[in-house]
Amino acid sequence: MKYCSTRGGMNPLPFSDILLEGLAPDGGLALPETLPQVSAEQLEAWRKLDYASLATEVLGLFIDDIPREDLNRLTQAAYAPGVFDSPDVVPLKPLYGKTSLLGLSQGPTLAFKDMAMQFLGQVFEYVLTKRGTTLNIVGATSGDTGSAAEYALRGKKGVAVFMLSPHGRMSDFQRAQMYSLQDPNIHNLALKGVFDECQDIVKALAGDLEFKSAYRLGAVNSINWARIAAQIVYYFWGWLRATSGPGQKVSFAVPTGNFGNILSGHLAREMGLPVAKLVLATNENNVLEEFFRTGVYRPRSAAQTHATSSPSMDISRASNFERFVFDLVGRDAGKVAQLWKQLEQQGEFDLSELKPQLESRYGFIAGVSTHQDRLKTIRSVYDETGVLIDPHTADAVKVAAEHADADIPMLVLETALPVKFAETIREATGQIAPVPAHLQDLPSLPQRVQVMACDASLVKDYIRQHAEI
Ligand SMILES: *Cc1c(COP(=O)(O)O)cnc(C)c1O
């Protein structure tokens, strides 16, 4: 299996080579040259597997340059009992009617990013050791990616992590989780800007090829292909848990920011998983909802991006969206390159001629959830079921209800536990979200963070001084 770029300007490369890269040299994103297909018989044969073994099967379809027994060792370590706070790793939690939560937040940072990142930590260490080299991870986070990356890579040999976060825009819990890590290979940089500006600096550094190769920069942000691949696993897992036989359909509802999570759902569907709908929920930052409603993609500026109570979705330019557009335009890399050039020059592009396909061919349907919707949903789910859900999950529960079919299971991806966003939970319900026992001390731990202006040259200076050589 080889990987190409969405913009066509990269020689095909094996998995281990794209693993350590961010953007492709032409500015595009890596994708498999052809998508593996999974038959109904194959799916049935996977029913009895535990999560780690299913991960070996699914990831093995995308990774053919790591021996199967090694890959299995990596998935068993990533999804070991003890790493995830559930014997199933990903529990299915019935909510009401045919609607259930797919529990993706049982990992060390209580959010779904752990699902992919724990595997990434294992596979990075494996490939770096094999190659006898080091890597400096530079990433941007609006909260959950950063902590998941840091928890997956803390103390790992040959890797340093430089994580850019928007100063003052994360919850107290998120800050405490990231900044309390004292491992010398973990560096938190809080920049005085919004997430997209942090992301732009990461892109600028990755685009500075001299700096990038001198300091062996790598990425773990949501464009990393291994993360997308690892996320495909839980769509298969969710389907297997919610069905009893071949061909039965399941819908998924996904709280969406960078389009990483739902892209994995799209790929699972393209691989042959019987998915009815992919329900895309945004918060007030509804660029993607607008696209799926109109066919026009019009990202907004950082200044036009609202700070909301589902902050991990406060994104105006969804970095993974290009991978979906590649499929939408018939895997025509020239067309993608042209669209992104137009985006740069005119700030938008119009694919409204393909709009009818978005639902009929690809199963996508989108909706918006606002702060008031979030509060109302958290409150009503709590009143009806006694279950507390986090604000991101609430956005998806709200939009899922608008598109649920009576006879098709609807799995809402639970992307964080409520304790991460305790203020909103209290506002909605008056309840204090329960803190898992092992995190009781978190708020009082000392924090380690560098606050700096939103300036790529300052970030570079810091990396020069602290990189793994
Ligand atoms: C990252 C994140 C999202 C958005 O996921 P994308 O892959 O960026 O679309 C939603 N909810 C939570 C809690 C997150 O951490």
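Of the 15 residues around the ligand, those that come nearest are Lys113, Asp144, Gly257, Asn258 and Asn261. The model is predicted. The space that the ligand takes up is the largest cavity. Elsewhere, the structure holds 27 aromatic pairs, one of which is described below.

- The side chain of Lys113 places a polar atom 2.6 Å from an oxygen atom of the ligand.
- Asn258 contributes a polar backbone atom, which lies 2.7 Å from an oxygen atom of the ligand.
- Gly260 likewise contributes a polar backbone atom, at 3.2 Å from an oxygen atom of the ligand.
- On its own, the ligand has 380 Å² of accessible area, and the protein covers 97% of this area.

**Composition of the shell**

- The shell around the ligand comprises five nonpolar, eight polar and two charged residues.
- Lys113 and Asp144, both among the nearest residues, belong to the charged class.

**Aromatic pairing**

- Among the 27 aromatic pairs of the structure is that of Tyr51 and Trp237, which is edge-to-face.
- The ring centres of Tyr51 and Trp237 are 5.3 Å apart, and the angle between the planes is 70°.

How values were computed
Residues numbered from 1 in each chain as written. Predicted model: local features only at pLDDT ≥ 70, side-chain atom pairs only at ≥ 80, totals over all residues. Heavy atoms only, no water. Near = heavy atom within 4 Å. Polar contact = N/O pair within 3.5 Å; in protein donor to acceptor, adjacent residues only side chain to side chain. Areas by Shrake-Rupley, 256 points an atom, 1.4 Å probe, with all protein chains shown as cover. 1 Å grid on protein atoms, 1.4 Å probe; cavity = no way out; pocket = protein on both sides within 12 Å on 5 of 7 lines; lining within 4 Å. Sits in = over half its atoms within 2 Å of the grid points. Phe/Tyr/Trp six-rings, centres within 6.5 Å; stacked < 30°, edge-to-face > 60°.
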